[in-house]
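Here's a quick tour of a protein chain and the ligand that goes with it. Take a look at the sequence and the 3D view, then read on.

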Amino acid sequence: MGRIIIFTGKGGVGKTTISAAHAVKAAKEGKKTLIVSTDMAHNLSDIFMKEIKEEPVRILSNLWALEIDSNYEMTKHYGNIAEAFKKMIPHGSEEDQEVLEDMVVFPGIEELFSLLKIKELYDEKIYDLIIVDCAPTGETLSLLKFPELFSWYMEKLFPIGKVAMKILRPVSKLAFKLEMPDGKALNDIEKLYVKLGKLQSLLKDREVCSVRLVTIPEKMVVEESKRSYMYLNLYNFNVDGVYINRIIPEEIDNSFFDQWKQIQKSYLDEINATFSNIPIYKIKWYEVDINGIHALERIMRDSLEDINIFKVLKTTVNETFEKTEKGYRLDIYVPFADKKDFDLFESGTDIIVKIGNFKRNIPIPHIIKKYSIASAKLNNGVLSIDFEGEEGVCNE
Ligand SMILES: Nc1ncnc2c1ncn2[C@@H]1O[C@H](COP(=O)(O)OP(=O)(O)OP(=O)(O)O)[C@@H](O)[C@H]1O
Ligand SMILES: [Mg+2]
């Protein structure tokens, strides 16, 4: 079985450097490795000092690199769909428009096509390990939540299946106030829908895929790392490693750095404490910037010695449904979340958990549909939602 490791973190913290160091290490260990960048501002070419394009380029024995052009992927495979969605917008009601605009204009939609490309590469079974160097966090988060969100919209918009759509299309302008996609686009939409489902299962498969956070010991970055960790957990990804980059080496004896060392120490302590349940790797601040294989090998030797580093290092269980006396309880792991940022709704077949700007629709399993939410509590980073009562009793 292949393995996918996704590196993410705030802009400029060292994602490309650290993912490239992993790629070199894996290749040297004899693993057939592909490093992929989904960031439109690619810089694998710079770090490997070689031109890298939309198809894998060989870097070393066992190592290939690829810079995905998501626009290219989208127009190549899904041009019809994008067109169809765009066409739908001007005809929709205000509510429809909102949904559709979210879908088409949502930052990250192109990046979704990078993920589909990664799935394609994974399915080819050529590589033992695929390392993904992502765009800075904000974009990664929308990228990672997108397959789920998109599937959800598609289900809401196209719940009736293609055949029914064919019959309905002539009257759709009246019935839905929407211009329905034509047959070809519809076909593509269905195919995309199926692919997204598979992509979701792949990204959430705890034996294959995990996400690693890159951070540096500075206030703003640590705060953002905690937030990302929470959101990644909310979206049910397995985060199994944290990398603290740019640590000032102890031996630096220069008074200018004395206070910086103190500052870094306090954030190192904070990171150690807050991420104590997952492995943490530390990378020092080197005297030069990191370019080329030799520089990457230094990081490899200094910080990435762990022989298990490519394994799934932790499998957090993020979501559990369990039977209680009066019904069921859904526990969702959302570390560092603040009570005041929470909102919770029931909407048809879903529960919507909203934290700050992020919203996730969690489909309710069939057996729970006859119960409704009785209470929700946030305790030690776990949101527990209790469902109680038979249909008709507690549903008012
Ligand atoms: N530990 C380190 N010591 C010295 N220089 C470093 C270290 N880590 C990264 N750098 C340098 O910092 C710069 C930014 O690193 P990198 O490109 O890996 O960050 P990134 O997170 O991928 O950035 P972006 O968000 O722009 O993609 C590069 O010039 C890199 O060589
Ligand atoms: Mg980068």
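Let's start with confidence: among the elements of the chain, helix α7 (residues 161–175) has the lowest mean pLDDT, 47, while strand β8 (residues 280–284) has the highest, 98. pLDDT is the predictor's confidence in each residue, on a scale from 0 to 100. Helices (H or I, at least four residues) and strands (E, at least two) are DSSP runs, numbered from the N terminus. This is a predicted model, where local features need pLDDT of at least 70 and side-chain atom pairs count only at pLDDT 80 or more, though totals for chains, interfaces and linings use all residues. Residues are numbered from 1 along each chain as its sequence is written, and chains are lettered from A and ligands numbered from 1 in the order in which they are written.

**Confidence**

- Over residues 167–177 the pLDDT is below 50, and this stretch makes eleven contacts in the model beyond near neighbours in sequence.
- A contact here means that the C-beta atoms of two residues, placed from the backbone, lie within 7 Å.
- Residues 391–396 also stay under 50, with six contacts beyond four places in sequence.
- For the chain, the mean pLDDT is 82, and 77% of residues reach 70 or more.

**The chain as a whole**

- You'll find eleven helices and 15 strands here.
- Of the 396 residues, 37% count as buried.
- Buried means that 20 or more other C-beta atoms lie within 10 Å of a residue's own, exposed means 12 or fewer, and partly exposed is in between, with C-beta atoms placed from the backbone.
- If you take contacts between residues at least 6 apart in sequence, 71% of them join residues at least 24 apart.

**Around ligand 1**

- Ligand 1 is surrounded by 18 residues, and the closest are Gly-14, Lys-15, Thr-16, Thr-17 and Asp-289.
- To be near a molecule, a residue needs its C-beta atom, placed from the backbone, within 6 Å of it.
- Helix α1 (15–28) and strand β7 (239–247) each supply at least two residues of this shell, and α1 gives the most, with three.
- Sorted by class, the shell has six nonpolar, eight polar and four charged residues.
- Ala, Val, Leu, Ile, Met, Phe, Trp, Tyr, Cys and Pro count as nonpolar, Asp, Glu, Lys and Arg as charged, and the others, Gly among them, as polar.

**Helix α9 and what follows**

- α9 (residues 219–234) has 16 residues and reaches 23 Å from its first C-alpha to its last, close to the expected 22 Å.
- That expected span is 1.5 Å times one less than the number of residues.
- Its buried residues include Val-221, Tyr-229 and Leu-234.
- Just after α9 comes Asn-236, in the loop between α9 and β7.

**Two residues with positive phi**

- Most residues other than glycine have a negative phi.
- Asn-236 has a phi near 70°, and Met-49 has one of about 50° although it is not a glycine.
- Asn-236 is buried, because 21 other C-beta atoms lie within 10 Å.
- Met-49 is exposed, because 10 other C-beta atoms lie within 10 Å, and its place is the loop between α2 (44–48) and β3 (57–60).

**The β9–β10 hairpin**

- β9 and β10 form a hairpin with three residues between them.
- β9 pairs with β10 (residues 327–333) in the antiparallel sense over five bridges; strands pair if DSSP finds at least two bridges between them.
- Phe-321 has Leu-330 in β10 as its bridge partner.
- Of the five residues of β9 (residues 319–323), zero are buried, so this strand lies largely in the open.
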